[in-house]
Number of protein chains: 4
Amino acid sequence: MKGKIIEKSLQLFETKGFSETSIQDIVDEMGVTKGTFYYYFKSKKQLLMDIHTMYISELLKMQTEIMNNSEKDAKEKIKGIVSILVKSIRTHGPSARVFFRELRHLDEKSLPEIIEKRDKVRYNLQKVIEDGIDSGELRSDLKPDIITFGILGMCNWSYSWFNPEGPASEEDVILTYVEMTLKGLLPY
Amino acid sequence: MKGKIIEKSLQLFETKGFSETSIQDIVDEMGVTKGTFYYYFKSKKQLLMDIHTMYISELLKMQTEIMNNSEKDAKEKIKGIVSILVKSIRTHGPSARVFFRELRHLDEKSLPEIIEKRDKVRYNLQKVIEDGIDSGELRSDLKPDIITFGILGMCNWSYSWFNPEGPASEEDVILTYVEMTLKGLLPY
Amino acid sequence: MKGKIIEKSLQLFETKGFSETSIQDIVDEMGVTKGTFYYYFKSKKQLLMDIHTMYISELLKMQTEIMNNSEKDAKEKIKGIVSILVKSIRTHGPSARVFFRELRHLDEKSLPEIIEKRDKVRYNLQKVIEDGIDSGELRSDLKPDIITFGILGMCNWSYSWFNPEGPASEEDVILTYVEMTLKGLLPY
Amino acid sequence: MKGKIIEKSLQLFETKGFSETSIQDIVDEMGVTKGTFYYYFKSKKQLLMDIHTMYISELLKMQTEIMNNSEKDAKEKIKGIVSILVKSIRTHGPSARVFFRELRHLDEKSLPEIIEKRDKVRYNLQKVIEDGIDSGELRSDLKPDIITFGILGMCNWSYSWFNPEGPASEEDVILTYVEMTLKGLLPY
DNA sequence: CATGAATGAGACTTCATTCAT
DNA sequence: AATGAATGAAGTCTCATTCAT
């Protein structure tokens with residue numbers, strides 16, 4: 001039941017937004033009553049917190065696996081991380097969209113925990129960049145933090161337009177982003 | 001008065017979000033009464049619509065000026081557009097953040113008008129890319145639409161983290177994004 | 001101007017009702033502003049009061065003319081009064097409908113003045129009936145006050161359905177009501 | 001609770017009118033809160049609709065019973081219908097008064113349903129008249145539709161003045177209306 | 001586990017009215 | 001004679017939440 005509530009909520013939050021979705025909307029969709037909701041969740045914000053925690057933890061876990069793979073060089077790790085982010089549009093689309101849009105609605109008490117993990121994801125990527133620069137694999141004249149924000153922006157933004165069922169494939173997007181980032185648009 | 005209402009609203013919408021900001025919040029901040037608000041705006045949504053229209057129209061206008069400058073090549077136009085987007089964080093920050101976050105709250109009737117202009121901005125950039133490819137100035141093996149989304153994502157995302165008063169300067173960001181995009185991270 | 005305001009208000013009150021018609025509605029319809037309204041009327045209720053006074057005074061005046069015609073017998077006076085009431089649907093339709101429907105919205109201070117005149121109209125008809133009974137022209141086994149209410153009800157109700165432009169003519173209605181009232185529906 | 005809300009509302013609507021009665025007025029009177037009201041009714045208009053439906057359905061039901069009684073001739077049916085209408089002033093006074101006065105405030109979507117039933121009541125009476133004419137029981141030189149409006153007007157109007165606790169009894173009113181209608185005021 | 005009834009705070013909005021100009 | 005700006009009270013409605021059952 002708890003899982004089903006999360007699933008339906010995700011759907012509704014994605015479509016209508018967190019503030020615009022009422023508990024009533026959620027339970028109506030499931031054919032139960034509000035009491036049921038409050039049996040499983042302390043509050044609406046708690047539900048949102050759960051959604052955020054699940055998403056960012058999963059993302060962090062996947063990223064960590066790539067980070068820990070010592071056989072990959074910086075290029076391959078960047079490609080891996082871009083790949084995770086883009087592919088999760090198909091596998092975790094609603095979660096991701098809700099994550100990016102509704103962060104503001106978390107309790108001030110719960111927020112830091114999420115922010116911390118979100119920043120960890122960023123620092124991880126930044127570490128990859130920095131290591132690449134140190135090893136001479138990447139050019140050293142650009143600031144790693146800005147680069148990191150740039151790559152994440154490119155990827156995260158795709159949640160707002162990329163449709164895995166549409167004309168461009170996941171692979172197209174990943175390839176384009178990685179090529180752009182590593183080799184640039186100018187011909188060699 | 002109308003201008004002052006917009007200004008304060010922008011501030012509040014940015015901080016607390018559209019749905020979470022009440023008309024009461026807005027008028028309290030200004031020392032007037034709710035009646036005054038409704039004298040100038042038909043509804044809360046109408047105010048949001050005004051904000052969106054102002055922002056996207058201004059952006060489109062600035063972009064068009066760059067597009068029409070026939071002396072610039074693709075590289076320079078890309079740099080110009082990135083520059084506009086990043087610089088307007090300082091000059092139009094609240095407008096821009098509200099624009100990206102609250103689009104969903106527009107009336108279904110008003111939405112298309114805004115979407116159309118937003119898409120126009122995108123198509124304009126895509127045109128620059130396509131022209132660059134056609135003239136041989138840019139490599140031709142990547143899809144222009146995905147490239148466009150990538151660049152816009154990078155830039156638009158910076159609204160969510162970039163602080164013009166912080167350690168990284170506007171110029172740093174612009175330079176990094178343009179270099180990454182055009183030449184890539186790999187050393188030559 | 002005052003006359004034009006009354007005219008438009010009457011139209012709107014009839015269609016939408018008094019409470020549902022705002023001063024704004026009225027002045028919009030005329031292309032002026034609210035200030036203008038308040039220049040001519042102390043308040044919305046004052047306007048309603050004016051409308052009521054005009055209508056009932058006019059009606060009373062017409063009725064009085066018939067009452068004072070000493071050449072007419074009871075039958076003819078009844079017919080005359082029914083005739084006035086039905087004919088004024090065409091000539092004073094909106095006034096009449098507003099009069100019957102919106103009486104409740106008058107100030108408690110103004111109400112008695114109107115009620116008094118309205119009752120005078122009723123007493124006048126009742127007097128005709130009583131005189132008719134006394135003179136033997138009308139049967140004496142029914143209560144004059146109830147008869148009066150019956151005749152007035154029949155006539156006043158026609159404001160809610162009778163359309164002078166429709167299939168039944170004014171004369172049809174008057175004839176039917178008078179015949180019913182005087183001779184009844186049973187064949188002789 | 002739903003029943004009690006309807007009852008109190010009826011009371012208030014009758015006294016102050018629909019538009020002038022606020023939800024606050026209703027719930028204050030009952031010692032509950034606004035939320036309670038909206039738990040039972042979707043909107044204020046929905047409550048009004050419920051009131052209208054209940055009244056007109058009940059009336060139609062009672063009338064139908066008389067219509068279906070094949071042992072009664074036209075005269076008796078007319079008397080029966082007048083009787084229902086007048087007697088329901090005592091039994092359903094507030095409902096009836098609200099019904100006649102506030103029809104205009106129904107939703108445009110709900111209105112037709114009510115209008116249809118109201119017209120059915122009228123057509124039923126008209127049928128009685130027509131049958132009476134066809135069988136020779138009633139005179140044939142007057143239009144049945146106008147007669148019908150006349151009788152209904154007489155009866156319905158009495159909601160606005162007749163007080164069952166007052167000097168005139170229900171039976172007085174019924175007798176007077178039926179006698180007037182059938183035999184007329186002239187002595188035989 | 002789940003329901004249904006009730007709460008109460010707060011949201012958006014309308015509108016008659018006032019007043020300086 | 002008329003306007004435009006502003007008020008403030010009141011209105012309808014929503015909704016997260018609680019609690020007895």
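This dialogue covers how to read a predicted model with protein chains and a DNA strand.

Reader: What should I know about the model before starting?
Author: The model is predicted: local features need pLDDT of at least 70, side-chain atom pairs count only at pLDDT 80 or more, and totals for chains, interfaces and linings use all residues. Residues are numbered from 1 along each chain as its sequence is written, chains are lettered from A and ligands numbered from 1 in the order in which they are written, and side-chain values use heavy atoms, with hydrogens and water left out.

Reader: Which atoms lie 2.4 Å apart at A:Thr36?
Author: A polar contact is a pair of N or O atoms within 3.5 Å; within protein, one must be able to donate a hydrogen and the other to accept it, and residues adjacent in sequence count only if both atoms are side-chain atoms. At A:Thr36, a side-chain N or O atom is 2.4 Å from a phosphate oxygen of DNA strand E. For the side chain of B:Tyr38, the distance to a phosphate oxygen is 2.6 Å. C:Ile23 uses a backbone N or O atom, 2.8 Å from a phosphate oxygen.

Reader: Is C:Gln126 buried or exposed?
Author: Buried means under 20% relative accessible area, exposed over 50%, partly exposed in between (1.4 Å probe, protein chains only). C:Gln126 counts as buried because its relative accessibility is 13%.
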